[in-house]
Amino acid sequence: MSQTLDLAKKIANMQSALLLVFEGEAITLTNNAFNKFFGVSSTQEYNNNFGDFINNFVPHPSYFNAEKINEGETWFESIQKLPEIDRVVSMLDQTFEGHAFSVCIDSSLEGHYIVTLTDITHSLIKRIMIENNANIDKRSGAYTKQYFLQITNSFEEAAIFNKKIIGLTLIEIEDSSDTDNIQEFVRYFKGFIRQDDMLVKYSDTKFLLAFLVDDEQKAEQVTKKLNTMLKKHAVDCFSFTLSTQSQKENEKFSTLINRLLQS
């Protein structure tokens with residue numbers, strides 16, 4: 001039995017995700033990734049220094065937390081009733097930095113719960129922007145303006161959660177009548193922007209690139225990079241100009257968009 005437990009601990013410690021085992025409401029096993037996140041050396045130290053695990057969930061309306069537990073249920077039962085995409089919690093690490101985790105619970109062993117928490121902080125925006133045909137402009141391959149305006153609140157929430165500001169770059173194309181060249185331009189553009197950046201066809205001649213950065217200086221660096229990369233790509237049928245604005249303190253995303261378009 002001891003050898004089996006040692007083997008289980010070794011397998012758990014090989015995982016990059018946070019892993020913990022509950023017997024009822026009591027935590028009986030945590031892996032190294034979990035211990036590092038909370039700044040403890042062992043499961044026992046965690047149990048000695050922390051209260052109920054549910055208290056770690058930040059009470060944010062966008063994520064599962066204690067306030068969303070159904071009456072008469074445990075948190076395990078309530079979160080498992082949610083669609084998989086909504087089984088997300090927010091927790092603070094030992095330096096009080098916020099992280100978002102997707103939650104997977106295995107309750108196949110009676111009386112026990114094996115909980116796996118996968119950090120999705122850096123892919124949070126990508127989850128918001130799930131691509132499907134309804135959201136993509138068929139002529140260009142970029143996101144549609146309608147979809148972009150629908151998810152601005154979610155994009156703004158993601159910026160706040162990640163302690164970033166929103167950068168917005170306007171790409172104005174002189175002539176966008178050639179569909180093939182526009183599609184080629186968009187494919188090339190999407191090839192060197194980051195996975196979480198969002199390229200939007202805002203009008204026949206205007207594209208917007210929305211992205212998260214630490215500060216205004218980083219947003220300016222993005223513009224310089226775009227200029228450099230786009231100049232390497234010969235597009236004979238049209239020319240373009242770039243301009244960038246970054247979010248000011250307490251500025252709404254919609255205000256930023258209007259400010260950029262009017263600049």
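User: What is the relative accessible area of R259?
Analyst: R259 has a relative accessible area of 22%, which makes the residue partly exposed. Buried means under 20% relative accessible area, exposed means over 50%, and partly exposed lies in between (1.4 Å probe, protein chains only). This is a predicted model, in which local features need pLDDT of at least 70 and side-chain atom pairs count only at pLDDT 80 or more, while totals for chains, interfaces and linings use all residues. Residues are numbered from 1 along each chain as its sequence is written, and side-chain values use heavy atoms, with hydrogens and water left out.

User: With which residue does R259 form a salt bridge?
Analyst: The partner of R259 is E251, and their closest N and O atoms are 2.9 Å apart. A salt bridge is a side-chain nitrogen of Lys or Arg within 4 Å of a carboxyl oxygen of Asp or Glu. E251 is buried, with a relative accessible area of 11%.

User: How many salt bridges does a search of the whole structure find?
Analyst: The search finds eight salt bridges. One of them joins the side chains of K81 and E73, at 2.2 Å from N to O. K81 counts as exposed, at 57% relative accessibility.

User: And K252, with which residue does it form a salt bridge?
Analyst: K252 pairs with E156, the closest N and O atoms being 3.4 Å apart. K252 lies in the loop between β10 and α10 and E156 in helix α7, so the pair ties together parts that are 96 residues apart in sequence. Helices (H or I, at least four residues) and strands (E, at least two) are DSSP runs, numbered from the N terminus. K252 is partly exposed at 46% relative accessible area, whereas E156 counts as buried at 9%.

User: Moving to the sheets: what order has the open sheet with mixed pairing?
Analyst: The order of its five strands is β6-β8-β9-β7-β10. Two strands pair if DSSP finds at least two bridges between them. β6 (143–144) and β10 (240–246) stand at the edges with a single partner strand each, so one side of each is left without a neighbour in the sheet.

User: How many bridges join β6 to β8?
Analyst: Two bridges join β6 to β8 (residues 198–201), and these strands run parallel. K201 in β8 is the bridge partner of T144. On this sheet packs helix α7 (residues 152–161), which touches β7 (165–173), β8 and β9 (206–213), its direction making about 25° with that of β9. Axes are lines fitted to C-alpha atoms, for helices over the stretch in contact, and angles run from 0 to 180 degrees between N-to-C directions.

User: Which residues of α7 are buried?
Analyst: They are T152, F155, E156, A158, A159 and F161. The helix is followed by K163, whose phi is positive, near 55°.

User: Which strands does helix α10 lie across?
Analyst: Helix α10 (residues 253–262) lies across β7, β9 and β10, and runs at about 35° to β7.

User: How is β9 paired with β7?
Analyst: β7 and β9 run antiparallel and are joined by eight bridges, with V213 in β9 as the bridge partner of I165. β8 and β9 also pair in the antiparallel sense, over four bridges, and L199 stands opposite L209 in β9. A hairpin of four residues joins β8 to β9.

User: How many residues of β9 are buried?
Analyst: Seven of the eight residues of β9 are buried. A210 lies in this strand and is buried, with a relative accessible area of 0%.

User: What is A210 in contact with, leaving aside its neighbours within four places in sequence?
Analyst: A210 is in contact with F148, F155, G167, L168, D197, M198 and F253, where contact means heavy atoms within 4.5 Å. A210 and F155 are 55 residues apart in sequence and 9.0 Å apart in space, C-alpha to C-alpha.

User: Then the sheet with antiparallel pairing: what is its order?
Analyst: This open sheet has five strands in the order β2-β1-β5-β4-β3. β2 (26–30) and β3 (88–92) stand at the edges, each with a single partner strand, so one side of each is left without a neighbour in the sheet. Neighbouring strands here are turned by 35° against each other on average, direction ignored. Strand β4 (residues 98–106) is joined to β5 (residues 112–119) by six bridges, the two running antiparallel, and V103 stands opposite L117 in β5.
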